[in-house]
Amino acid sequence: MIELIQDYWLYFLVGQYPNGPLGGLALTVLLSGAALLLAMPLGLLLGIARVSPWRALRWPTAALVQVVRAVPLLLVVFWAYFFLPAVTGVKTGQATTMLIILVLFDAVYLAEIVAAGLKALPKGQMESARSLGLNYMQSLRLVALPQALRHVLPSLVNQLVATIKATSLGYIIGLSEVSFIATQVNTLVFTKAVEVYIILALTYFVLCFGLSRLAFLLERRLGRAGAPS
């Protein structure tokens, strides 16, 4: 296994870069981080709409969230990369297609996270803000939302972990993320399949476990900060 790492660590890390497109673990991390960052504004708006006092805004948002969550991500990858180009005549690259899909799904799950954070706040927070003369949007922006986002930080880290694992579905459209690179390495050293996939599993474990521990530490720190003295 050590010999395998010594021979292919750079390929495993960045794919064919700089002689080709970026791939490997670097592409997995970059794609996951970009998807979560790009999804945050949309997820924030959807989350606010989920707890809106206006039904005309709340109900369509709830329907959108439920529909997207009910559709398997793998099926959406197939639709976006194979079916939609056949219908529209417009085809995007593997990385762009996967990024758009991850942004959509991350936005929906972030909406649920933000909505849960807002619902968890004591009702007195908004009522106190309204009693000071602030309207609903001002109370939300200045009082409720900063507190809610602070408390959902661990959930945001956990969503990043879920996004990192979801990037492996890009394998089916030929995206050269880390699992696709591992498969290519396996074709080069066909007799070492066990070692190749152990390295892949350890890579995902170290990355995701490290982020999960970060989420746990954030949760503990926020819990201590919010505890009465």
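Three helices each supply at least two residues to the lining of the largest pocket: α5 (94-120), α6 (123-131) and α7 (136-151). The model is a predicted one. Among these helices, α7 gives the most to the lining, with three residues. The space in this pocket comes to about 230 Å³.

Now step back to the whole chain. It holds ten helices and zero strands. Read from the N terminus, the order of elements is α-α-α-α-α-α-α-α-α-α. The C-alpha trace spans about 70 × 55 × 30 Å along its principal axes.

The peptide bond that joins Y17 and P18 is cis. Its omega is about 5°.

Next come the helix pairs. Two packed helices are described by the angle between their axes and the distance between the axes.

Helix α2 covers residues 24-50. Its axis and that of α5 come within 6 Å. The two axes cross at roughly 40°. Why is α2 oblique to α5? Angles under 35 degrees count as roughly parallel, and 65 to 115 as roughly perpendicular, with the rest between them oblique. The crossing at roughly 40° therefore makes α2 oblique to α5. In handedness, α2 passes α5 in a right-handed crossing. The contact of α2 with α5 has 22 nonpolar residues. Two polar and three charged residues complete this contact.

Helix α2 also packs with α3, which covers residues 55-70. Here the angle is about 125°, and the axes are 8 Å apart. α2 and α3 are therefore oblique to each other. This time α2 passes its partner, α3, in a left-handed crossing.

Helix α5 has a further partner in α8, residues 153-166. Their axes lie 11 Å apart. The angle between α5 and α8 is about 150°. Are the two helices roughly parallel or roughly antiparallel to each other? An angle over 145 degrees counts as roughly antiparallel, and α5 and α8 are therefore roughly antiparallel. Their crossing is right-handed.

Last, turn to the aromatic rings. How many aromatic pairs does a search of the whole structure find? The search finds four. One of the pairs is F78 with F82. The centres of these two rings are 5.8 Å apart. Their planes stand at 35°, so the pair is tilted. F78 and F82 both sit in helix α4, residues 73-88. They are four residues apart in that helix, so about one helical turn separates them.

Key:
Residues are numbered from 1 along each chain as its sequence is written. This is a predicted model: local features need pLDDT of at least 70, side-chain atom pairs count only at pLDDT 80 or more; totals for chains, interfaces and linings use all residues. Side-chain values use heavy atoms; hydrogens and water are left out. On a 1 Å grid over the protein atoms alone, a cavity is a set of points where a 1.4 Å probe fits but cannot get out, and a pocket is an open set with protein on both sides within 12 Å along at least five of seven lines; lining residues have an atom within 4 Å of a point. Grid points are joined across faces, edges and corners, and a volume is the space filled by probe spheres set on the points. Axes are lines fitted to C-alpha atoms, for helices over the stretch in contact, and angles run from 0 to 180 degrees between N-to-C directions. A crossing is left-handed if the near helix is turned anticlockwise from the far one by less than a right angle, and right-handed if clockwise. Ala, Val, Leu, Ile, Met, Phe, Trp, Tyr, Cys and Pro count as nonpolar, Asp, Glu, Lys and Arg as charged, and the others, Gly among them, as polar. Rings of Phe, Tyr and Trp (its six-membered ring) pair if their centres lie within 6.5 Å; planes under 30 degrees apart count as stacked, over 60 as edge-to-face and the rest as tilted.
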